[in-house]
Amino acid sequence: MVIAIGFEGSANKLGIGIIKDGVVLSNPRHTYITPPGQGFLPKDTARHHREHALSVLQQALDEAKIKPQDIDVICYTKGPGMGAPLVSTALVARTVAQLWKKPIVAVNHCIGHIEMGRLITGSKNPTVLYVSGGNTQVIAYSERCYRIFGETIDIAVGNCLDRFARVLKLSNDPSPGYNIEQLAKQGQKYLELPYVVKGMDVSFSGLLSFIEEKAPELIEKGEYTPADMCFSLQETVFAMLIEITERAMAHCGSQEVLIVGGVGCNKRLQEMMGVMAEERGATLFATDERFCIDNGAMIAQAGWEMFRSGITTEMKDTTCTQRSAHIE
């Protein structure tokens, strides 16, 4: 039996989770929430992580009903993510690894999402749509590694949704994307927006600029409501994502599709993806907010698999990187 503890802090969620041979023993997290209309700055987010790290760690140990000596390996997010929050969380992981005299494993944040999704849903070899505030990629496992078949060429879909939520001054609690999803359910009128798919890639920056400029004027005139704008934005960006996902499934001959990442718990995205999967005779796999949103258990799960394969990270190499391309 192997017990792994994972430290995740690549963005505004600080999560610490404990996994025992594929079973989640605990998975608490604490979210840095800013006022409506504002995003979160790296230095402030890092300060939040430092302030809450020990309490979340104690909560994880208490919920799992284990002691430090029971843990076999320490896992932490190497990247990609925001520099300052990554470093503040990695510092905690390095410290406990040395205090508890345990090996440490550096984990790719993206692979953490995928491996957690596979564990929870039981999917075997899916085409993966990874959608979050910082990442938008279509990924599949081919020739002994994960390969990116399509991605955003500018901003992530979650960032697009979050930034439009700021225009509407929506609350950041529990997240701007969640509040857009709830408001979109009331939308009745569709506004045609730029639809930008380039081969296997998508672009959201032009669409965002368009709706940021048009929305205040159209809402003020009474032609569209904020709910209509949220509805229109969701329908457009999700259709783009499903198009490139279906193209990747056709290329790979895949009969499974897995949605991971924070945006992946959006019920409308799951519904639209489910229709596409059914038409192809494929199976959709998705999880809820416990495991879609950044969490420590996903880092523990990916690190657990690496550790069982004989992979550990030397202390001198326990650095962080903001770019996914620099992580093996």
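This is a predicted model: local features need pLDDT of at least 70, side-chain atom pairs count only at pLDDT 80 or more; totals for chains, interfaces and linings use all residues.
Local features need pLDDT of at least 70 and side-chain atom pairs count only at pLDDT 80 or more, while totals for chains, interfaces and linings use all residues. Residues are numbered from 1 along each chain as its sequence is written, and side-chain values use heavy atoms, with hydrogens and water left out.

**View 1. Helix 8 spans residues 267-279.** Helices are DSSP runs of H or I with at least four residues, strands are runs of E with at least two, and both are numbered from the N terminus. Helix 8 has 13 residues. From first C-alpha to last it reaches 19 Å, close to the expected 18 Å. The expected span is 1.5 Å times one less than the number of residues.

View 2. Leu269, Gln270, Met272, Met273, Met276 and Ala277 are buried (under 20% relative accessible area; exposed is over 50%, partly exposed in between; 1.4 Å probe, protein chains only).

**View 3. Asn266 and Gly281 flank helix 8.** At the start, a side-chain oxygen of Asn266 comes to within 2.9 Å of the backbone nitrogen of Arg268. Gly281 follows the helix, with a positive phi near 70°.

**View 4. The structure holds 2 aromatic pairs.** Rings of Phe, Tyr and Trp (its six-membered ring) pair if their centres lie within 6.5 Å; planes under 30 degrees apart are stacked, over 60 edge-to-face, the rest tilted. Tyr141 and Tyr146 have ring centres 5.1 Å apart and planes at 80°, so they are edge-to-face. Tyr190 and Phe231 are also edge-to-face, with centres 6.4 Å apart and planes at 85°. Tyr190 lies in the loop between helix 5 (176-184) and strand 10 (197-198), and Phe231 in helix 7, so this pair ties together parts 41 residues apart in sequence. Tyr190 is partly exposed at 41%, as is Phe231 at 22%.

**View 5. Lys189 and Arg308 lie over aromatic faces.** Lys189 is 4.4 Å from the ring centre of Tyr224. Arg308 is 4.4 Å from that of Trp304. A charge sits over a ring if NZ of Lys or CZ of Arg is within 6 Å of the ring centre and within 35 degrees of the ring normal.

Conventions
A polar contact is a pair of N or O atoms within 3.5 Å; within protein, one must be able to donate a hydrogen and the other to accept it, and residues adjacent in sequence count only if both atoms are side-chain atoms.
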